[in-house]
Amino acid sequence: MSIQTHRGGAISRFFRLQPVTAWLITANLAVYVATAAQARSLMANSASALFETTALFPPVVAVRDEWWRLLTSAFQHFGPVHLLLNMYMLWILGLGIERSIGHARYLGLYVLSALGGSVTVMYTGQTALTAGASGAIFGLMGAYAIVAMSLRLDVKGIGLLLILNVGVSFLVPGVSLGAHLGGLAVGAVAAVALVVLPRRLPARVGRAGREIVSWTAYLVVVVLVGLAAWYAAQAMTVGFALFR
């Protein structure tokens with residue numbers, strides 16, 4: 001009874017202190033269970049109709065305007081190992097980042113990093129079926145590094161983690177390097193907008209002014225990522241027309 005109470009308390013505390021991380025993990029697990037049940041296979045969940053309509057396949061985005069795939073693909077995974085590795089990394093990063101920068105900023109970083117990774121795939125992996133939270137997770141790592149450097153904290157740990165993960169992205173076949181590097185870059189830029197910029201503003205700006213400036217800068221990054229996605233889709237559409 002005491003063990004169950006302790007576990008229940010730990011889970012409750014996790015949802016209370018890192019609610020965004022907790023609910024993101026829950027959403028990813030729920031989506032995986034749904035695809036596995038639909039495919040009737042724990043290992044081959046990608047055979048499900050839900051997976052096929054939400055994973056990222058750039059030609060479908062360009063031709064059919066299925067833009068939701070840029071985000072929904074971040075909640076799909078190829079098999080349980082892929083899922084568990086990403087959720088472990090998300091848990092670790094969430095513990096270190098979410099409370100320090102605030103829940104809204106953390107969610108903003110995660111979503112935009114996921115989109116940034118997907119948009120990069122529109123340029124680098126146009127014929128590949130892509131899924132996974134890796135782009136968002138790389139974005140969180142990039143954000144962590146930027147914030148740590150701005151505060152002049154020790155960045156050896158996150159630096160080593162980034163080097164190892166980028167190295168794996170280059171060396172392991174089947175890994176979407178574009179999604180990883182795109183998420184990393186967008187997460188770093190978004191962190192500058194949401195976290196570093198407001199801290200560098202003069203005191204006379206005030207708290208409300210900092211919020212306005214930081215979220216305005218964030219929206220500028222959102223628009224740029226959106227424009228990059230639109231341009232990639234247009235270029236693909238033109239390319240398809242030329243080869244008809």
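## The second largest pocket

In this predicted model, the second largest pocket is lined by G96, I97, S100, I101, A143, Y144, V147, A148, L151, L153, D154 and R199. Two elements, α6 and α8, each give two or more residues to this lining. The volume of the second largest pocket is about 160 Å³.

Sorted by class, the lining of the second largest pocket holds eight nonpolar, two polar and two charged residues.

## The largest pocket

Five helices each supply two or more residues to the lining of the largest pocket: α6 (79–101), α7 (103–124), α8 (134–150), α9 (156–171) and α10 (177–200). The largest share, six residues, is given by α8.

In the lining of the largest pocket, 18 residues are nonpolar and 15 are polar. No charged residue is found in the lining of the largest pocket, whereas the lining of the second largest pocket includes two charged residues.

## Residue S134

Is S134 buried or exposed? S134 is buried, because its relative accessible area is 13%, and the term applies to values under 20%.

Leaving aside residues up to four places away in sequence, S134 touches H82, N86 and H180.

## The crossing of α7 and α10

Both α7 and α10 are among the helices that give two or more residues to the lining of the largest pocket. How do these two helices meet, and at what angle do the axes of α7 and α10 cross? The axes come within 7 Å and cross at roughly 145 degrees. The crossing of α7 and α10 is right-handed.

On the α7 side, the contact involves R105, L109, L112, S113, G116, G117, T120, V121 and T124. On the α10 side, the residues are G178, A179, G182, G183, V186, G187, A190, A191, L194, V195 and P198. By class, the contact of α7 with α10 comprises 10 nonpolar, nine polar and one charged residues.

Key. Residues numbered from 1 in each chain as written. Predicted model: local features only at pLDDT ≥ 70, side-chain atom pairs only at ≥ 80, totals over all residues. Heavy atoms only, no water. Helix = DSSP H or I, 4+ residues; strand = E, 2+ residues; numbered from the N terminus. Nonpolar A, V, L, I, M, F, W, Y, C, P; charged D, E, K, R; others polar. 1 Å grid on protein atoms, 1.4 Å probe; cavity = no way out; pocket = protein on both sides within 12 Å on 5 of 7 lines; lining within 4 Å. Points joined across faces, edges and corners; volume = space filled by probe spheres on them. Axes fitted to C-alpha atoms, helices over the stretch in contact; angles between N-to-C directions. Left-handed = near helix turned anticlockwise from the far one by under 90°. Contact = heavy atoms within 4.5 Å. Buried < 20%, exposed > 50% of the residue type's maximum accessible area, 1.4 Å probe, protein only.
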